[in-house]
Amino acid sequence: MAKVKLTAVCKVCGSEIELPEDVMDGEITSCPTCGTRYIVRLKGEKVELEEFKGDVEDYGE
Ligand SMILES: [Zn+2]
């Protein structure tokens with residue numbers, strides 16, 4: 001299988017955010033440029049970012 005580089009574009013600053021290939025649906029990532037936090041949503045081969053509002057500590061687990 002070819003390695004697919006997963007990237008998504010920050011909705012705030014437009015920077016490309018690189019995601020690990022083993023990223024999980026629902027994982028929280030943040031933009032390296034502006035620090036906006038996102039929830040990763042995997043849609044087949046596409047990745048969408050959902051703005052994350054709230055505390056990381058309150059999420060999941
Ligand atoms: Zn950004």
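Residues are called buried under 20% relative accessible area, exposed over 50%, and partly exposed in between. The legends below describe a predicted model.

**View 1. Overview of the protein chain.** The protein chain contains five strands and zero helices. Along the sequence, the elements therefore follow the pattern β-β-β-β-β. Of its 61 residues, 28% count as buried. The chain exposes about 4,600 Å², and carbon and sulfur atoms supply 46% of that area. Among contacts between residues at least 6 apart in sequence, 19% join residues at least 24 apart.

**View 2. The open sheet formed by β3, β4 and β5.** Three strands make up an open sheet, arranged in the order β3-β4-β5 with antiparallel pairing. Because β3 (28-30) and β5 (46-51) stand at the edges, each has a single partner strand, and one side of each is left without a neighbour in the sheet. On average, neighbouring strands of this sheet are turned by 45° against each other, direction ignored. In general, strands of a sheet pair through backbone hydrogen bonds, in either a parallel or an antiparallel manner.

**View 3. Pairing of β3 with β4.** Strand β4 comprises residues 37-43 and pairs with β3 in the antiparallel sense. Three bridges connect the two strands. Within this pairing, serine 30 stands opposite arginine 37 in β4.

**View 4. Salt bridge between glutamate 50 and arginine 41.** The structure holds two salt bridges, and one of them joins the side chains of glutamate 50 and arginine 41, with an N to O distance of 3.1 Å. Glutamate 50 has a relative accessibility of 35% and so counts as partly exposed. Arginine 41 has a relative accessible area of 24%; since this value is not under 20%, arginine 41 is likewise partly exposed rather than buried.

**View 5. Salt bridge between lysine 43 and glutamate 48.** The side chains of lysine 43 and glutamate 48 also meet in a salt bridge, with 3.8 Å from N to O. Glutamate 48 counts as partly exposed at 35% relative accessibility.

Key. Residues are numbered from 1 along each chain as its sequence is written. This is a predicted model: local features need pLDDT of at least 70, side-chain atom pairs count only at pLDDT 80 or more; totals for chains, interfaces and linings use all residues. Side-chain values use heavy atoms; hydrogens and water are left out. Two strands pair if DSSP finds at least two bridges between them. Helices (H or I, at least four residues) and strands (E, at least two) are DSSP runs, numbered from the N terminus. Axes are lines fitted to C-alpha atoms, for helices over the stretch in contact, and angles run from 0 to 180 degrees between N-to-C directions. A salt bridge is a side-chain nitrogen of Lys or Arg within 4 Å of a carboxyl oxygen of Asp or Glu. Buried means under 20% relative accessible area, exposed over 50%, partly exposed in between (1.4 Å probe, protein chains only). Contact means heavy atoms within 4.5 Å. Accessible areas come from the Shrake-Rupley method with a 1.4 Å probe; for residues, only the protein chains shown count as cover.
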